[in-house]
Amino acid sequence: MLSPDGRSATRAGATPASVMRPEDLGSADFRADHGVAYAYATGSMYKAIASVELVIRMGRAGLLGYFGAGGLSEDELDASLRRIRTGLGDHRAFGVNLLASRPEREERSVDAFLSHGVRRIEAASFVQISPALVRYRLTGARRGVDGRIQVPNRIMAKVSRQEVAEAFLGPPPAGIVRDLAAAGRITPQEAALAESVAMCDDLCAEADSGGHTDQRPMIALLPAILTLRDRAVRSHTAVPRVRVGVAGGIGTPEAAAAAFVMGADFVVTGSINQCTAEAGTSDSAKDLLQRAQVQDTALVPAGDMFEMGTKAQVLRRGLFFPARANKLYELWLRHGSLEELDRDTADHVQRRILGRSFGEVWQEIEKRYASRPEVLQRAAQDPKRRMALTFTWYFAQATRVALEGDTGRRVDFQIPCGPALGALNEQLRGTHREHWRNRHADDLARLIMSGAADLLSRTRGTSPAHPSLPVALP
């Protein structure tokens, strides 16, 4: 069990050798390299839901948090990085998300990271290694006086596919390295070291989770990625061993304990941190999240990958968004243009879902893409593409009203969420942390890691036929 301060409480009769501490779990190298107390991190969440305040709180507690830079403008990112640096100084750990995007956008993000001295990034949604990632990774790489290669810029790569994992486990693609060196984007010395540098330090197997998800179960994905890593150690003898952790479904001590038993070097939490005082979403969204149960999520099309059929997991309880989002996708699959919709269906979509006419929506889309005329030109030539842009306007609005807490549009809130939050809510029910205002990201880290350590301490020497009781949270 846990003591009121969230630390592991030694049970009567336990010997010191049988007691594990949260500091004992996972990889000691992870803790040392990042300068943190636990092999644990809070993952980034889009549009600064993983907020400046959340990252600063984690850093001041001696823990690692990644800032949710996805979807921010250049000015917003710059201001956020300045605030984080002011709040944490030069020595406390933090990281920033780099979301796979258009090459020019990735490059601008990397420019910002390098100018602000950001030494850790969380690379998410990448399906292949990009030049921006390689430039960030190799910039500043050098050989120390002891002959060892020092790489100051650390990458945690979140992957759910084995072929993507393999790319991050090896050195940067030689062609990209040559092009960067030829363009003067990295130095010849940095390029020469590339074949001895892995693309990431930490590889995070992203199991079924809130937001974008491939619905991979942790018990299948993590062993597969661990096997790939061990194979890469034998294949790429010149590059260091990459640590492998897991995200998706980590919301309770039991889940974290299971990950560590399976061989994870670290764990990353997501959905649960959205329901904390520091999270950068609205109070109205947090009120809904706090009541979520394990079964209260649904799969919907991902708005930014609508035409690819990519799925996202969102909160369902008390909301119309999941049903409406899936309805729009169904209509897009079945029709070639907005004009093909029958009158009743078109009227329903405009009045009940979009809340305005197709023409009014398109006017807003034209403003949004004014700086990218090629998007509008393609839509003018392809009615189905125009239909997709019109429908995904609703997804963007659903995210906005959730972040802003527009209670008049509450049923349309798009709130990324996985079942892990429901499991945590159940354990916190009846405690002072039941309400989100009393939840803090660093406190949840202590609860989960201390509870996992306590659980593993109590199961040492326990017969599989007599499993220990679940961990009780205060």
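**Note on the predicted model: strands, helices and buried residues**

1. Thr 390 lies in helix H16, which covers residues 383-404; helices (H or I, at least four residues) and strands (E, at least two) are DSSP runs, numbered from the N terminus. With a relative accessibility of 1%, Thr 390 counts as buried, where buried means under 20% relative accessible area, exposed over 50%, and partly exposed in between (1.4 Å probe, protein chains only). Neighbours within four places in sequence left aside, Thr 390 is in contact with Leu 338, Leu 354, Phe 358, Val 361, Trp 362 and Ile 365, contact meaning heavy atoms within 4.5 Å.

2. On the basis of the model: this is a predicted model, in which local features need pLDDT of at least 70 and side-chain atom pairs count only at pLDDT 80 or more, while totals for chains, interfaces and linings use all residues. Residues are numbered from 1 along each chain as its sequence is written, and side-chain values use heavy atoms, with hydrogens and water left out.

3. On the cysteines: a search of the whole structure finds zero disulfides, a disulfide being a pair of cysteine sulfur atoms within 2.5 Å. The closest cysteine sulfur to that of Cys 204 belongs to Cys 200 and is 10 Å away, which is too far for a bond. Cys 417 is likewise in no disulfide, the nearest cysteine sulfur being that of Cys 275 at 8.5 Å. Cys 204 is buried at 0% relative accessibility, and Cys 417 is buried with a relative accessible area of 1%.

4. On strand E3: four of the five residues of E3 (residues 95-99) are buried, so this strand is largely enclosed by the rest of the structure. Strand E2 (residues 64-67) is joined to E3 by two bridges, and the two run parallel; strands are said to pair if DSSP finds at least two bridges between them. In this pairing Phe 67 stands opposite Val 96. E3 also pairs with strand E4 (residues 120-124), again in the parallel sense, over four bridges, and there Leu 99 has Ala 124 as its bridge partner.

5. A crossover is right-handed if, with the strands pointing away from the viewer, the path from the first strand over the helix to the second runs clockwise. E2, helix H3 (residues 74-88) and E3 also make a right-handed β-α-β unit.

6. On helix H3: its 15 residues reach 21 Å from the first C-alpha to the last, close to the 21 Å expected at 1.5 Å a residue, the expected span being 1.5 Å times one less than the number of residues. Leu 77, Ser 80, Leu 81, Ile 84, Gly 87 and Leu 88 are the buried residues of H3. Seen down the helix axis, the buried residues of H3 fall within an arc of 130°, so they line one face of the helix; the arc is that of the directions from the helix axis to the C-beta atoms. Asp 75 and Thr 86 are exposed on the face of H3 turned away from the buried side, whereas the cover over its buried residues includes helix H2 (52-60), E2, E3 and H4. Just after H3, Gly 89 takes a positive phi of about 70°.

7. On Glu 278: this residue is placed in the loop between strand E11 (267-269) and helix H11 (283-290), and with a relative accessible area of 11% Glu 278 is buried. Not counting residues up to four places away in sequence, Glu 278 touches Ser 51, Glu 53, Leu 54, Arg 57, Lys 286, Arg 439, His 440 and Ala 441.

8. On strand E10: this strand (residues 243-247) is mostly covered, with five of its five residues buried. Arg 243, Gly 245 and Ala 247 point one way from E10, while Val 244 and Val 246 point the other way. Five bridges join strand E8 (residues 202-206) to E10 in a parallel arrangement, with Arg 243 as the bridge partner of Asp 202. E10 and E11 pair in the parallel sense over two bridges, and Ala 247 stands opposite Val 268 in E11. The chain crosses from E10 through helix H10 (residues 253-261) to E11, and this β-α-β crossover is right-handed.
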